[in-house]
Amino acid sequence: MSKIAVATDSNSGITQEQAKEFGVHVIPMPFFIDGETFYEDINLTQEEFYQKLEGNAEISTSMPAAGDVIEFWDKLLKEYDEIVYIPMSSGLSSSCETAIMLAQDYEGKVQVVNNQRISVTQKRTVLDALELVKRGMNAAQIKEYLEETRFDSSIYIMVDTLYYLKKGGRITPAAAALGTLLKLKPVLQIQGEKLDAFAKARTVKQAKTIMLDAMAKDFKERFSTEDGTGMHLFIAYTKDIEPALEFKEMLKERYPKLEIEIDPLSLSISCHIGPGALAVACSKELPPQ
């Protein structure tokens, strides 16, 4: 049986330390900050990132250089026969398409999975891939399954400030000014490919209710479950964990049977939405063997 490596990028939120614990491999995402290159979780921590972001540094995201990806894969293939590589959603970055192109030179040994996930849902995909390896699937079969189920997830994000969306050109200055004046808390969604507007709230409390109701609707209408049976449920946040812990209590009331994981949102998302954001996400569990 083939020895299969499961690999991803740091957009999954999996740290280098967690990667060792899980038995996966993580390539760090590069960030350009005031003209200098930093690598997530290598020479850029969450704390340092928010210091620079709030200090008004010029920050832009990038994708791993092709040479770095090739070197990463080549090193793994000295120890493994095949690689399942799970980058961030193709709808949010061109790194997935680049990886697919690079994999063409590897004669099927590298299977790049485009299952359109990011952050906590991407992390879950990586853990699912590990389980599928244990179940005896080969790399091509794992890719096929994960791509077939790519829409079996959902993310809703409340943004605390419109400043960073305006700075990144995601909304117009006029819309940002009006939203700030009205103290709006936009709720965004990721359903597969794109980060899109979902609703506008006047208060954090209202935004939380909108997200909880949206998740309940998805559970019922998309995933055919009222109480969350068969689902993974996550909370994610930017910078401050305290609001996430409070939000967990609200979720626990609705879904007392579910384990609720809390993780920071990946820095690639944080860069565009800023500190103080809060998200709820879900993905479908693997079917039992």
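## Ground rules

This is a predicted model, where local features need pLDDT of at least 70, side-chain atom pairs count only at pLDDT 80 or more, and totals for chains, interfaces and linings use all residues. Residues are numbered from 1 along each chain as its sequence is written, and side-chain values use heavy atoms, with hydrogens and water left out.

Helices (H or I, at least four residues) and strands (E, at least two) are DSSP runs, numbered from the N terminus. Buried stands for under 20% relative accessible area, exposed for over 50%, and partly exposed for in between, using a 1.4 Å probe and protein chains only.

## The cores

Start with the inside. A nonpolar core here is a set of buried Ala, Val, Leu, Ile, Met, Phe, Trp, Tyr and Cys residues joined through side-chain atoms within 4.5 Å. The largest one has 28 residues, and those with the most contacts inside it are Phe31, Phe49, Ile59, Ile157 and Ile273. At least two residues each come from β3 (30–33), α2 (46–54), β8 (153–158), β9 (185–190), β11 (231–237), α11 (267–273) and β13 (278–284). The largest share, 4 residues, is supplied by α11.

Setting aside its neighbours within four places in sequence, isoleucine 59 is in contact (heavy atoms within 4.5 Å) with Phe31, Phe32, Ile33, Phe49, Lys52, Leu53 and Cys271. Apart from this core lies another, of 25 residues, among them Phe219, Tyr237, Ala244 and Tyr255.

Strands count as paired if DSSP finds at least two bridges between them. By that rule there's an open sheet of 3 strands in the order β4-β3-β5, with antiparallel pairing. β4 (36–39) and β5 (59–61) stand at the edges with a single partner strand each, so one side of each has no neighbour in the sheet. On average, neighbouring strands of this sheet are turned by 30 degrees against each other, direction ignored.

β3 and β5 are joined by 3 bridges, and phenylalanine 31 stands opposite threonine 61 in β5. Across β3, β4 and β5 lies α2, running at about 125 degrees to β5; axes are lines fitted to C-alpha atoms, for helices over the stretch in contact, and angles run from 0 to 180 degrees between N-to-C directions.

## β8, tucked inside

How many residues of β8 are buried? It's 6 of the 6, so β8 is largely enclosed by the rest of the structure. Ser153, Ile155 and Ile157 point one way from the strand, while Ser154, Tyr156 and Met158 point the other way. In a regular strand, side chains alternate between the two faces of the sheet.

β8 has antiparallel pairings with β13 over 6 bridges and with β9 over 4 bridges. Serine 154 stands opposite cysteine 282 in β13, and tyrosine 156 has glutamine 189 in β9 as its bridge partner.

## Salt bridges

A salt bridge here needs a side-chain nitrogen of Lys or Arg within 4 Å of a carboxyl oxygen of Asp or Glu, and the count comes to 11. One of them joins arginine 135 and glutamate 131 (3.0 Å, N to O). Arginine 135 is partly exposed at 27% relative accessible area, and glutamate 131 is partly exposed at 27%.

Arginine 254 and aspartate 213 also meet in a salt bridge (2.9 Å, N to O). Arginine 254 lies in α10 (residues 242–254) and aspartate 213 in α9 (residues 204–221), so the pair ties together parts that are 41 residues apart in sequence. Lysine 257 and aspartate 227 form another, with the closest N and O atoms 3.7 Å apart. Lysine 257 sits in the loop between α10 and β12 (260–264) and aspartate 227 in the loop between α9 and β11, so this pair links parts that are 30 residues apart in sequence. Lysine 257 is exposed at 70%, whereas aspartate 227 is partly exposed at 32%.

Most residues other than glycine have a negative phi. Serine 119 has a positive phi of about 60 degrees although it is not a glycine, and serine 119 is buried, with a relative accessible area of 1%. Glutamine 116, also not a glycine, has a positive phi of about 55 degrees. Glutamine 116 is found in the loop between β7 (110–112) and α5 (119–134) and is buried, at 6% relative accessible area.
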